[in-house]
Amino acid sequence: MNVISEKKRALEALLFVWGSPLGIKAAADAIEVPTPVARELIEDLQREYAERGSGLMIREINGGYQFCTDPACEKYIAKLCTPVKEKRLSNAAMEVLAIIAYKQPVSRGEIEYIRGIKCDRVLEGLVKRGLVEERGKGTGLGRPALFGTTNLFLEKFGIASINELPRIEEIENIIQCGEEKIQHIEFDLKDGED
């Protein structure tokens, strides 16, 4: 076995046992290669899994890499695994999470100003779930805590980085198109009543 094959094999094993996204620097240090070489080896592994049509894939999350299952295998996994009932996020929690995702780092006061309502408990719940974390202190009066999203947030929402969030303008377009469709439907219904 040549050195590159050995390093790639070791990297694959590290990704498997680590579970959480493994940072490229930590991976490179562990297999004793420069960071660009580790990145190249991971990209090779990603290609190999894709080319053979594997049920596993390696995805990038915020500069780290982790194993996950191919979404095409979801129905089989669902048959095997008893679904764990997860409590869904409330509308209030989704609002606060969206504000944090788009404005991070952001203070509780700024979130409350945007929402027009207190958010202590909602914010506390998001921190407990690991979707949000404290990212330091602000420079304002009392040096308020600043919050940002976590890697778990990226994992749960299936995105590699915050940069993949849709732009606000795109969301406004979707909402506007939806409202126009609703108005069309309401007009058609009224028209048919005569």
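This passage walks through the overall make-up of a predicted protein model and then looks at two of its residues. In this predicted model, local features need pLDDT of at least 70 and side-chain atom pairs count only at pLDDT 80 or more, while totals for chains, interfaces and linings use all residues. Residues are numbered from 1 along each chain as its sequence is written, and side-chain values use heavy atoms, with hydrogens and water left out.

The protein chain holds nine helices and six strands; these are DSSP runs numbered from the N terminus, with helices (H or I) of at least four residues and strands (E) of at least two. Of its 194 residues, 28% are buried, where buried means under 20% relative accessible area, exposed over 50%, and partly exposed in between (1.4 Å probe, protein chains only).

Contact means heavy atoms within 4.5 Å. Setting aside neighbours within four places in sequence, Gln66 is in contact with Leu15, Gly19, Ser20, Pro21, Met57, Ile58, Arg59, Ile61 and Glu155. With Gly19, a polar atom of the Gln66 side chain lies 2.6 Å from the backbone oxygen.

Methods:
A polar contact is a pair of N or O atoms within 3.5 Å; within protein, one must be able to donate a hydrogen and the other to accept it, and residues adjacent in sequence count only if both atoms are side-chain atoms.
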